[in-house]
Amino acid sequence: MKHLYAFMSDIEVTLLWIYVGVMFTGAAVFAIWSMRRKGVPRVEYFIAFLIPVWSGLAYMSMAMGQGAVLVEGQLVYFARYLDWVVTTPLLLTALALTGMHQVKKKDPIIIASLIVADVIMISSGFIADLSSGVMVYTWYLAGVTAFLVILWIIWVPLRKMSKKQDQSVYKVYLIMCGYLTFFWISYPIAWLLGPSGLEITGQSGDTLLFVILPIFSKVGFSLLDLYQLRHLKYG
């Protein structure tokens, strides 16, 4: 797979390695925080730790000239989808656990629905990346539809459940829900503007966007979420 370097600029490789460093640093922070949990369940630290480790390994494969295939002369980073199909369900699970922080019996249907919709969204994006012509946008729209389902779940039933708890918990949930929504809306836009869609941004610009966005939506999300949960003061 070393020949893939011929299709990657030096700046792309550098950006990918920077991403790997940020992910592993984030994982180390979460591991240290887990030693003093401050009332936050152990599983939430495990999720926060696993997300950057998995994502860092996926991007490391791309940085080493792997994790991608050529489709009609265009690089398709399948490692991104291997990253997303694991880390995005974990992020949604973390958000759901924040929304149910004081609920002893978590709602498995809400969590399962988020995970299923998310897997459909990621799988549709991958198929779109491997498609051509009108099929690209058919699968893209399928993924966007699944994304809208996710937004409905986190902003309607999950938000209502969170609102029944202490106001400090509800406030944290609203902050994290808004945070995740903002950055996740940016993903389909970046995908559409990149080589996989309208080809407005080049390969390097695409790589830059898909380095910046996941840094904030993965490590950034978990840092903000855990920090707030660790400092909760019930009213």
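The legends below describe close-up views of a predicted model.

**View 1. The largest nonpolar core.** This core has 67 residues, and those with the most contacts inside it are Tyr 59, Leu 114, Ile 154, Leu 158, Trp 184 and Phe 221. At least two core residues come from each of helices H1 (10-33), H2 (42-63), H3 (78-99), H4, H5, H6 (157-163), H7 (167-193) and H8 (203-230). H7 supplies the largest share, 12 residues.

**View 2. Surroundings of Ile 154.** Apart from neighbours within four places in sequence, Ile 154 is in contact with Leu 92, Leu 95, Leu 114, Arg 159, Tyr 173, Cys 177, Leu 180 and Thr 181. Both Ile 154 and Leu 114 are listed among the core residues with the most contacts.

**View 3. Salt bridge between Arg 80 and Asp 206.** The whole structure holds 2 salt bridges. In the one between Arg 80 and Asp 206, the closest N and O atoms are 2.9 Å apart. Arg 80 is in helix H3 and Asp 206 in helix H8, 126 residues apart. Arg 80 counts as buried because its relative accessibility is 9%; Asp 206 is buried as well, at 5%.

**View 4. Salt bridge between Asp 83 and Lys 218.** The closest N and O atoms of this pair are 3.8 Å apart. Asp 83 is buried, with a relative accessible area of 0%, and Lys 218 is buried at 1%.

**View 5. A nonpolar surface patch.** Ile 127, Val 134, Met 135 and Trp 139 make a patch of about 370 Å². Helix H5 (residues 134-155) gives the largest share, 3 residues. Ile 127 lies in helix H4 (residues 108-130) and counts as partly exposed, at 32% relative accessibility.

How values were computed:
Residues numbered from 1 in each chain as written. Predicted model: local features only at pLDDT ≥ 70, side-chain atom pairs only at ≥ 80, totals over all residues. Heavy atoms only, no water. Patch = residues over 30% accessible without salt bridge, like charges linked within 9 Å, V, L, I, M, F, W, Y side chains within 5 Å. Areas by Shrake-Rupley, 256 points an atom, 1.4 Å probe, with all protein chains shown as cover. Salt bridge = Lys/Arg side-chain N within 4 Å of Asp/Glu carboxyl O. Helix = DSSP H or I, 4+ residues; strand = E, 2+ residues; numbered from the N terminus. Buried < 20%, exposed > 50% of the residue type's maximum accessible area, 1.4 Å probe, protein only. Core = buried A, V, L, I, M, F, W, Y, C linked by side-chain atoms within 4.5 Å. Contact = heavy atoms within 4.5 Å.
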